[in-house]
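Colleague: Hello! I am new to this structure and would like to learn how to read its features. Could you show it to me and take me through a few of them?

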Amino acid sequence: MKYLILGAGPAGLSFANRLLQSGQDSFLVLEAENEAGGLCRSCMVDGSEFDIGGGHFLDVRRPKVNEFLFGFMPKEEWNLFERDSRIVVKGQTIHHPMEANIWEMDTALQVEYLKSIAVAGCNLGKEMPSEFVDWIYWKLGGRIAEDYMIPYNQKMFSRNLNELGTYWLEKLPNVSFEETLLSCLNRKAYGTQPGHAQFYYPKKYGYGELWRRMGAALGEHLLCGRTVAEIDYDSKTVKTVDGASYQADSIITTIPWTAVAHHRNMPDSLAEDIARLKYSSIETRYYGETLDTKAQWIYYPDPALSYHRILVRSNFCTGSKGYWTETNTERADMLPEADKKRFAHVNRYAYPLNTITKPAIMERLLAWAKERNVYGLGRWGEWSHYNSDLTVELAMHLADRLEER
């Protein structure tokens, strides 16, 4: 075939459907799970759909992406929401991002945080540090670093935060000291909005419904239950654990590089690079109780709690109830015994970690693979913490470029 696509998450499904819409039908998608969707899959729990990957929603900021996706699930089947996310810190609940909403705290705490931000390195003209923890202190000051950013990121990503680089931190909302001060004086938030400031969510389904439909649109071009065991980069052949073999002119891999047992005809140095890539595993757990809040996300930096955030499903999914927690699997043993009996789903590959060495590794790996018509795509193919809307955009562009070529 012309294209062999590994993985039927948002990246693989978008790339494949873009091909199909352009008239290209010489392709096949291999998916390890028994249904399409990847981290965006949903399943039925307690009478409504549960999103196994946690908080995945469709952002409004990429109109061409939304137009493409609405071709599978029309816009009339979605609700539009204003994001309401909050943080519980020092016993107080404020809106996210913290530095824009300190004004919601008690006055004494506002003063303490403002004093700390005022002497942060970035406000004193000090050189930006290269290690993650130092960068947090430099950017936000000691109080936000110690009360929120450091414990939260340790819970979500890694106990050793200095394994992480600082190159990805542009994802954080950008709020200056002046804007923080103005927010406290005028009692309203200033600065840039975080991601998902507005988002779409299905009216009657979980987010996984969109990707189910995109999988169904592929028909016989999608094969589920096929786990990749080997990629041969010279012959561009893929073998699966059941012994089947598939060959293509080009391979599009959207699955984790570390999940492939054998990389044939790859230099040892690149195989060693792949082994150095790191990721975190996440458990999502369902709670049926109704919470008295309008928030959709709530972040918890408190180290005494196992989970780092909850998603209040009843505040964005019509007719549902309860909420679910998101917990790094390294912390799952902290759960009370009674909670361990609740429904939970473990995502082994949840977040690629932005380690210091990752950019150089991926630059070498992707360049070498591309020379052999093997392309990494999406969160796992590019080892970047992409949201689903950005992943779809990248997939559309890659499909268009390769077909034009």
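Modeller: Gladly! Let us start with a term: a residue is buried under 20% relative accessible area, exposed over 50%, and partly exposed in between. Please keep in mind that this is a predicted model.

Colleague: Is asparagine 373 buried or partly exposed?

Modeller: Asparagine 373 has a relative accessibility of 25%, so it counts as partly exposed. You will find asparagine 373 in the loop between α9 (358–370) and β21 (374–376). Its phi is near 60 degrees, a positive value in a residue other than glycine.

Colleague: Which value does phi take at asparagine 265?

Modeller: Asparagine 265, which is not a glycine either, has a positive phi of about 60 degrees. The loop that holds asparagine 265 runs between β15 (262–264) and α8 (268–276). With a relative accessible area of 42%, asparagine 265 is partly exposed.

Colleague: Now a peptide bond: which residues does the cis bond join?

Modeller: The cis bond links histidine 96 to proline 97, with omega at about 0 degrees. Proline 97 sits in the loop between β8 (92–95) and α3 (107–118).

Colleague: Why does glutamine 296 count as buried?

Modeller: The cut-off for buried is under 20%. Glutamine 296 has 4% relative accessibility, and therefore counts as buried. Glutamine 296 lies in a loop too, between β16 (279–287) and β17 (297–299).

Colleague: What does glutamine 296 touch?

Modeller: Leaving out residues up to four places away in sequence, its contacts include Phe81, Glu82, Arg83, Asp84, Phe199 and Ile310. The side chain of glutamine 296 also reaches the backbone oxygen of glutamate 82, at 3.4 Å.

Colleague: Let us turn to cavities. How many of 30 Å³ or more does the structure hold?

Modeller: A cavity is a space where a 1.4 Å probe fits but cannot get out. Here there are two of 30 Å³ or more.

Colleague: Which residues line the largest cavity?

Modeller: Its lining is made up of Leu39, Gly53, His56, Ile282, Glu326, Ala350, Tyr351 and Arg379. These divide into four nonpolar, two polar and two charged residues.

Colleague: And what lines the second largest cavity?

Modeller: There you meet Phe157, Leu164, Trp168, Pro352, Leu353, Asn354 and His385. In that lining, five residues are nonpolar, two are polar and none is charged.

Conventions. Residues are numbered from 1 along each chain as its sequence is written. This is a predicted model: local features need pLDDT of at least 70, side-chain atom pairs count only at pLDDT 80 or more; totals for chains, interfaces and linings use all residues. Side-chain values use heavy atoms; hydrogens and water are left out. On a 1 Å grid over the protein atoms alone, a cavity is a set of points where a 1.4 Å probe fits but cannot get out, and a pocket is an open set with protein on both sides within 12 Å along at least five of seven lines; lining residues have an atom within 4 Å of a point. Grid points are joined across faces, edges and corners, and a volume is the space filled by probe spheres set on the points. Ala, Val, Leu, Ile, Met, Phe, Trp, Tyr, Cys and Pro count as nonpolar, Asp, Glu, Lys and Arg as charged, and the others, Gly among them, as polar. Helices (H or I, at least four residues) and strands (E, at least two) are DSSP runs, numbered from the N terminus. Buried means under 20% relative accessible area, exposed over 50%, partly exposed in between (1.4 Å probe, protein chains only). Contact means heavy atoms within 4.5 Å. A polar contact is a pair of N or O atoms within 3.5 Å; within protein, one must be able to donate a hydrogen and the other to accept it, and residues adjacent in sequence count only if both atoms are side-chain atoms.
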